[in-house]
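Work through the exercises below with the sequence and the model in view. Each task is followed by a solution in steps.

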Amino acid sequence: MASEQQVRASHILIKHEGSRRKASWKDPDGRIISATTRDAAVRQLRALRDDIIAGKARFEDVAARHSDCSSAKRGGDLGRFGRGQMQKPFEEATFALKMGEMSDTVDTDSGVHIILRTG
């Protein structure tokens, strides 16, 4: 059985004081991001994830409102990507998910993510 070459995923990114780029479309000056600890970012993401799992919110809507990634305007959709195109922890987490499955929090140099595999 051939291993999958590409996956499609959406994500929600919360940046924090340890992120490599401390600015986003929601926080162009990086004031909030620079004042956010990693633990606070994880807590916020876990609360958002709980709302999605409980059916209180849709992943796309949460991404559009809360994600620090420019993919927020597409409901967090990153499109298709293959191995070597994303940061290693993000790639490994995405390829490990089943279709329609959502990850727990994943740390990268960009911040903390939850990932939804969509293809």
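**Exercise 1: a helix against the sheet**

The buried residues of α4 pack against β1, β2, β3 and β4, where contact means heavy atoms within 4.5 Å. This is a predicted model, in which local features need pLDDT of at least 70 and side-chain atom pairs count only at pLDDT 80 or more, while totals for chains, interfaces and linings use all residues. Residues are numbered from 1 along each chain as its sequence is written, and side-chain values use heavy atoms, with hydrogens and water left out.

Task: state which residues in helix α4 are buried.

Solution. Step 1: helices (H or I, at least four residues) and strands (E, at least two) are DSSP runs, numbered from the N terminus; α4 covers residues 88–96. Step 2: buried means under 20% relative accessible area, exposed over 50%, and partly exposed in between (1.4 Å probe, protein chains only). Step 3: F90, E91, A93, T94 and F95 are buried.

**Exercise 2: P89**

Task: find which residues P89 touches, not counting those up to four places away in sequence.

Solution. Step 1: P89 belongs to helix α4 and is partly exposed, at a relative accessible area of 35%. Step 2: the residues it touches are V106, D107 and T108. Step 3: for P89 and D107, 18 residues apart along the chain, the C-alpha atoms are separated by 6.9 Å.

**Exercise 3: the sheet**

Task: give the order in which four strands form the open sheet.

Solution. Step 1: two strands pair if DSSP finds at least two bridges between them. Step 2: the order is β2-β1-β4-β3, with antiparallel pairing. Step 3: β2 (77–82) and β3 (106–108) each have a single partner strand, so one side of each lacks a neighbour in the sheet. Step 4: β3 pairs with β4 (residues 111–117) over three bridges, and D107 has V112 in β4 as its bridge partner.

**Exercise 4: two helices**

Task: what is the angle at which α2 and α3 pack?

Solution. Step 1: axes are lines fitted to C-alpha atoms, for helices over the stretch in contact, and angles run from 0 to 180 degrees between N-to-C directions. Step 2: helix α2 (residues 38–53) and helix α3 (residues 59–66) pack at about 150°, their axes 10 Å apart. Step 3: α2 is therefore roughly antiparallel to α3 (under 35 degrees counts as roughly parallel, over 145 as roughly antiparallel, 65 to 115 as roughly perpendicular and the rest as oblique). Step 4: Q44, L48 and I52 of α2 meet F59, V62 and H66 of α3.
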